[in-house]
Amino acid sequence: MAPIFVKRHGGSKKIKELDAYGFLIDQTKDDVVIEYVGINKNYNPAHMDYSTGTFEYGDWSDVFFIKNTKPCIVFNTGKIYHYLDKNNFFVNEENVSVENYVKGTYGHCTMIEFPKIYWKVVNIQKNVDVVWVSDKKLDEEFECYANKNVYGEEIDKFYVSAFESILNGSDVVSCANNNLYLIGTTSSTNKLSSYFSFVNKKNSGDIVWSMMKRCDKTIIIFLLVLMSKSIDCQKKYGNGNVEGYNYSVSGKNAIRAGSMVKEGMFKGYDVTNGKGVKVFGIENFWGNTVKQVRCSYMEDENVYIKMIEGTATANTQFGASRDIFDFYFNLNDIVNLENGKMKLIKKMHVGNYGFFPKELAESDSEADKYFKDAAYFTGSGYCLEGYGGHNFGGTLRGMNYFSNSSKHNFTFTDNFFMSLKPRASIVNA
């Protein structure tokens, strides 16, 4: 395909056009600009129509990562038990009720199956980058980070839990059970090491279950920006439950799992309290609780990110370390960062790791600009990255909200999605 030229105030810059889906992200001005490149350069973007209550796919309904992303019930080995109806998870694809399975009666987990997705990020000039997505490895720079398990096997599918995690006894589950509180929404707190050990109990021999990893979060966010042609995904997909927190109330007014089980793969509302958001079949991908992300390890001001986790860190609670990482950031390099003060994200680093805060705004009064979400860093110690906000703080707590405040304990607002990357012999069969 012929090159295209993009004009910026530094002149025209040539971008090598690829047979892939892509977006250009331009941070050279106050308003972050997203432009389409590649196959989708003339596509109509997706968005939630709040007036009709329906999700409009634009020209994206037949794209591989929409058609081949499916809700399912899986065994602990990673073997599929049922594929579910995309509009109503309580029935399977044959319209037979599987409600008891989805509610967790038999201990199985409700997961979202994603196909193999390759991506790469190309820097064009300062604060201008292009993100490419494909179902093929178009060149050596394309990687399918989320489709590799800890054994280094490339797998055809990977899985993220459809619901925020619930602790049922000593078993961590993904199920639509509104009789059980989400982890992090009761007075009971546990160390990260405890929850890691609970998830690890699901592994019978092979290490395939874990907390959601940095690579999973990265590709889901890239796809959301790509489909909507916007960095303001709360506007395009739904605000999420980002207000209404009440410390004195059991559950702290967090929405319990399964509130959107019959609302399709994408659903959102333009209110900020009491209604969740659903993207790719995942409830409350932002809002409701802070989600901790494995393989993004923070130690004091140091941040270590591992994109493909191997066996060296698979039995540790962080998934990365100061000795085993792919990307490194120092919090002290973030412009305008103030300890213990939430600030609007003004600029981001963009790379194969996804987005990472580069500069914060002086004032939150400009919340209609930049990345629309905030960052909050406090103190020292070690922890996993927290993202997605919770149910207080309003619309600054969307998908790009970033925090290190959770430390190594789960408090009243902390949760996580689960990640399943089975052995190749199971998922590629």
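Which side chain makes a polar contact with the side chain of Lys120? I looked this up in a predicted model. The partner is Asp139, and the two side chains come to 2.7 Å of each other in that polar contact.

Next I placed Lys120 in the fold. I found Lys120 in strand β10, which covers residues 118–125.

I listed what surrounds Lys120, leaving out neighbours within four places in sequence. The contacts are Leu18, Val130, Val131, Trp132, Asp139, Glu141, Phe142 and Asn352.

I turned to helix α4. Helix α4 runs over residues 214–228, 15 residues in total. From first C-alpha to last I get 21 Å, close to the 21 Å expected at 1.5 Å a residue. I counted 15 of its 15 residues as buried, so α4 is largely enclosed by the rest of the structure. Lys229 follows α4, and I noted its positive phi, near 55 degrees.

Last, I checked confidence. The protein chain has a mean pLDDT of 89, with 92% of its residues at 70 or more. Two stretches I marked for caution. Residues 1–5 stay under 50 in pLDDT, and the model gives them 15 contacts beyond four places in sequence. Residues 7–11 also stay under 50, with eleven such contacts.

Methods: Residues are numbered from 1 along each chain as its sequence is written. This is a predicted model: local features need pLDDT of at least 70, side-chain atom pairs count only at pLDDT 80 or more; totals for chains, interfaces and linings use all residues. Side-chain values use heavy atoms; hydrogens and water are left out. Helices (H or I, at least four residues) and strands (E, at least two) are DSSP runs, numbered from the N terminus. A polar contact is a pair of N or O atoms within 3.5 Å; within protein, one must be able to donate a hydrogen and the other to accept it, and residues adjacent in sequence count only if both atoms are side-chain atoms. Contact means heavy atoms within 4.5 Å. The expected span of a helix is 1.5 Å times one less than its number of residues. Buried means under 20% relative accessible area, exposed over 50%, partly exposed in between (1.4 Å probe, protein chains only). pLDDT is the predictor's confidence in each residue, from 0 to 100.
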